[in-house]
Every structure is written in C-alpha cells, then in structure tokens.
Amino acid sequence: MTVLERPATSLLPEPEPYRVLGTSAEPEPGLWTRLYRELVRGRRFNEQTTALTRQGRLAVYPSSTGQEACQVGAALSLGPRDWLFPSYRDTLAAVARGLDPVAALGLLRGDWHTGYDPRAHRIAPLCTPLATQLPHAVGLARAARLRGDDTVALALVGDGGTSEGDFHEALNFAAVWRAPVVFLVQNNRYAISVPLSRQTAAPSIAHKGVGYGMPGRLVDGMDAPAVHRVLTEALARARAGEGPTLVEARTYRFDAHTNADDAGRYREEAEVADWRARDPLTLLGSELRARGLLTGDVEEEAAQAAERLAAGLRAALGADPPLSAADLFAHVYASPTPQLREQAASLAEVTR
Amino acid sequence: MISMAGALNLALRDAMAADPAVHLLGEDIGTLGGVFRVTDGLAAEFGEDRCTDTPLAEAGILGTATGMAMYGLRPVVEMQFDAFAYPAFEQLVSHVSRMRNRTRGALPLPLTVRIPYGGGIGGVEHHSDSSETYYMATPGLHVATPATVTDAYGLLRQAIASDDPVVFLEPKRLYWAKDELRPDAPPFGQAVLRRPGRDATLLTYGPALTVCLEAAEAARSRGFDLGVLDLRTLVPFDDETVCAEVRRTGRAVVVHEATGFAGPGAEIAARVTERCFHHLAAPVLRVTGFDIPYPPPMLERHHLPDVDRVLDAVTRLQWEEA
C-alpha cells in the first residue's frame, strides 16, 4: 500500500491515550465485571507470587503489579484460536487466558524453561531476550493466513524492547506481509532503571507504526475496558485481512523490575504515588460502584477466586517439583546424538 | 551430470512437491532465483507464497521462519552469504536451537538454514567465512555440509525432512562442480571413506574434501598411502567411523578452512586422542585456515589449506619412528 493510497495521517495514534472509564462510553456490565474479577485475581497472583519468591520458592519474579489492566485486557481480547506471545513479565496474561498458574510459572520457578505445551494453549514460551518473540508472532500469523485459518497473533513487549532490532524487523515484516498480528507495547516508562527518554526520541511509541505503514494506537494502560476495546478492534482488523496494528499502552510497574531490583535508585516516591493513585483495580472498581454494577456477590466471588488461586499457588509451589537429571539430555534433539547418550550415561554413573 | 547448485535446486523442488508445508524464505530467492541460482524457477513453479523474497533483514527472516515452524510449516531459509547470517545468530542460538528442549519436546522446530560458506571464489570482505564452529558449539542444531553432488541432494532432503533445526552449509566453491547424482546418500551422522589408505587418514568435510583427495593422490609419489574420510555432518559427529579409521592407520590430519584455534579440528583431534591414544603413532595434526580474519581475495590462497600444506603435515607425522 503506497502513501498515496493511505495518507500517513490516517495511521497516526490518537493525541491522548484512549480511555473508557470516566467518559460517556456506554458501559458493558458483563465485560467490565469479568475484567474486574480478573484484575482482582491478577493482583492477588502478583502479590502471592512475589511473596513466594521472597520465600525462595521461585528463582525470580518480574511482577506485573500495576500493569494488570494490560495483562488482563490482552488475555480477554483473544479468541480461542488466537496465539499469545508473552515476554517474561507477562505470566499473568497467560494465567488470565486460562493457563494453569503453576505451569505458567515454570520458567520463573526454574524446574524447566517452559512448563506447558505452547501449541495446546496457543501461548508461546515466555520470552526472555527482549523483542525476539515478535518476529515469531509475525511468522506464525503469516503461516496461519497461508493455511487459510483466521488465527491472529498478539505479541507483548515493553518500552525498552522497542529499542531492539527485532522490534523493527518484526513490525516491518508484519506490515509488508499484512500479517494478522497485533503488537502491544506496555510502556511502563522504565527498562529496569533507564527512562523512556533514553530509549526513543519519537513523539510516542505508537507513532512508530506510521513509519512501517501500520496504524499506531495509544491507550490508557490503567483502564482495562479501554485496553480491551483497543485490542479487540486491532485484532478484528487483523482478522479481516487489514494488517497489523501497533498499540502503545501507558502504564506503570508499581514494584521493582524483579525482587532483585531496588527501584528507589531510579524512581521518585512521588511518581510512584501518582501512578498508584491510578491503580487499574481501583479505577475499574470505582466506576463499577458508581454505576451500581458492582454487587456484593461479584466482589465476594472475585475475592474468593483470588484466594483460591493464591492457596493453590502456595500448595503447589510449597512442594518440591519432581526433577530428573536424565531430562537434561532427552529433548535437545528428536533423538539424542551418540555424544549426548554417552554424556547422559556418564552423568548417571557418577550420580548413581 | 549435474552441478552441486543444480542438485540443491532439485532437492528443494522435490521437497516442495512432496510436502506443501515446505516454504522457502530469503533475499533475492524469488524472481532472481538466488545469487547462486539455487532457488532458480521455484517461485514460478510453486508461487511466491512458497518461495518468498523477504525484506532484507536476516534476524527477521529467521525469526519469522521460526514462527512459521511453530505453526507446523517446514521453512527453509537461505542466508545469502556466510557472513550475512550473523544478524540471525541470536534467533538461531536463543530460539531455533532451544525450542524443542525448552518445551520438553512439545514444540519441535523443523527448520533448515541454508548458508553458502567458505572461500576460494575471490570474494571481497564478508563473503568467504567458514562459520561452522559457531554452529557446532550451539546445542540443539544439526550441522551438515555436503562435499559431493549426491550429498548436496541427499543431505538437503534429509535436512528438510528432519524434525530438528539444521544448519546446512553449502561450500560455495563447489557449487559448479559436476558429477553423477546417485540416490543413495547415507544418513546424517555417518562419515564416508572417500578414499581408502593404509598410512594415515585425512579427516575433512565440505570444500576441503577436494583438496584432501588431490593431496592423497600427490602423496602416492612420495610413498604415502593416505585415506580420506568425509565427515558430512559435524553434528551429529561420527566418532565410530572416525575412530575405526584412525585406529587402522594410526595417524590423522584434520583439514578444514575454518580458523584453527578452538575450531572444529581442535574438537576432532581431542576426540580422536581420547578414544584412540594407544593406536596413535603421532599426535593428530591440523591443517586449517590461520587465526586471522578472512583475507582479501588477492591473498586468500595463502590462507586456504592446499595440497602443499596437507602434504607438509603428513610428513610431520613422526614417520622416522615407524
């Protein structure tokens, strides 16, 4: 598609982040209470997993506290045949999509790199090297279209990840191929400690879409219905064969990068407090209450679901996982090379 | 008679005809047919969705091919030259090689990365690297390199049919060498004795096979009967055949173009020494590219192992004590 066919201005993001909460938008009670329930559950998941990490039950946990609207909004916008491509901070998105939480935490617990079958759940392995999963999402989306399936891929990345070459190459391939893929950038303003101003001089991350020939959308990442709406529109657009969309969600990580990080070295307490005042859980909860949509039953049910999730995590992660050194050699190739068979045998010999 | 490029082209055509999941991706592989013409005619025959000119970005090519393989396709990627494959290295190391292992076998990655490699064609900088060491050192990858027309066809068909990722290294200076194409290429992991010999064994692969066969012929007039073993796949490595040959002759020289320090020859010499020590009459020697960045074309003949350097190594195999 040439510039003449599609003026650059039609690709520009909205000037201010798109919002639903606090606007005159028509409420969607069913969806909003579902989002609320998942936010409550998600917050509890983040807090319980962080606590278990402090107790040594996980190797590390990059919490998405504060970013739950993005995590939940992304998960709930997907259809059953769609694929999710999460980064290491997106465990909650996988859980909100329905993946068993203990399986989702396999990487961070450290008993194996990926604790689930990606094809069965249509969730790619949690990806640690930044932005490297984005081209996978593009290729998978293209493959689905070549096969005649209506599958769409949703790829998650952070603001720091947009500096990586793979971000550029993925967006470029996606646009050239008009691949059915949506990129969600969770802009939480810091790549560990380095602020966004050191990552990019672009007017916004969403503006970068224009250079690739795809629309950029800007959304309030603390507003779960807004995130859900923008992603649902972008996914529908992709499914209809109209190509990829770049979505930037403005959000904030309430906690440090991981349990091993000290955010006090690079963030002012006042800034954190300002963002905590826009807690996605509180924002949606208040709006639901103001509109009389949050009944005691819904609150009670959400709290119970969250506690069930937390109790399940404590029980499962409190026990030691079954481990076998023989597994180290079993899956490197479809069948082990003679060299790997030798090494497995020699390890078995000394550990006998 | 068919050239190696022709045999590779035929292997791709037959693989695409046999399996609709096979998709080719690369730079200039469509309309042009590839800079070495290995994909000639395939876009016309199978359509541009099956033989696709991608944007010019190697990490993007391999990264998107990875996603296609995750969906069940069987991509074959062409890297235009050895040194142009380096941008794709992270995808290869961090994802392609690990996907099966990290998912306990749930997500195999049937993907072939074709890379024209090696020197001897008068290429300017970045067109002549022997990069096999990097790939050999990456668990999860198979590394194959044909030296004959029959292996070019047979090993490429096997690579594409494999459920594991294969780095397929094509010796570009042999692209136009012609020979009979036989249908009986042995499987991956099996070295083949190209010339039997009693006195010493030359262990080699890819572009250096021709050099070793010439050296073995030249050695006859000096009274040496040299065997030449073609490794064919570096991963899996055929310890059994290699060691059987070396035990028989008691002497071995490893010959390759890649740099010597921590190169394939270092691993091979160590393996042979560990397994055949009491059969060896001399240390295993290496004739390799020097430990320098690949030289400019007017100097490359000094860098590439040639008949004289191979024969010099053979004469240093402690014959006086024999």
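Start by selecting the seven-stranded open sheet of chain B: 7 strands run in the order S3-S2-S4-S5-S7-S6-S12, with mixed pairing. (Strands pair if DSSP finds at least two bridges between them; helices, H or I of at least four residues, and strands, E of at least two, are DSSP runs numbered from the N terminus.) This is a predicted model, where local features need pLDDT of at least 70, side-chain atom pairs count only at pLDDT 80 or more, and totals for chains, interfaces and linings use all residues. Residues are numbered from 1 along each chain as its sequence is written, while chains are lettered from A and ligands numbered from 1 in the order in which they are written.

Now color the edges, S3 (51-53) and S12 (233-235) of chain B, each pairing on one side only.

Next, pick S5 (112-117) and S7 (166-171) of chain B, which pair in the parallel sense over 6 bridges. Click Thr112(B): its bridge partner in S7(B) is Val166(B).

Then show H3(B), which packs on the sheet and touches S2 (22-26), S4 (74-78) and S5 of chain B. (Contact means C-beta atoms, placed from the backbone, within 7 Å.)

Finally, zoom out: chain B has 12 helices and 14 strands, and its C-alpha trace spans about 65 × 45 × 35 Å along its principal axes.

Methods:
Contact = placed C-beta atoms within 7 Å. Axes fitted to C-alpha atoms, helices over the stretch in contact; angles between N-to-C directions.
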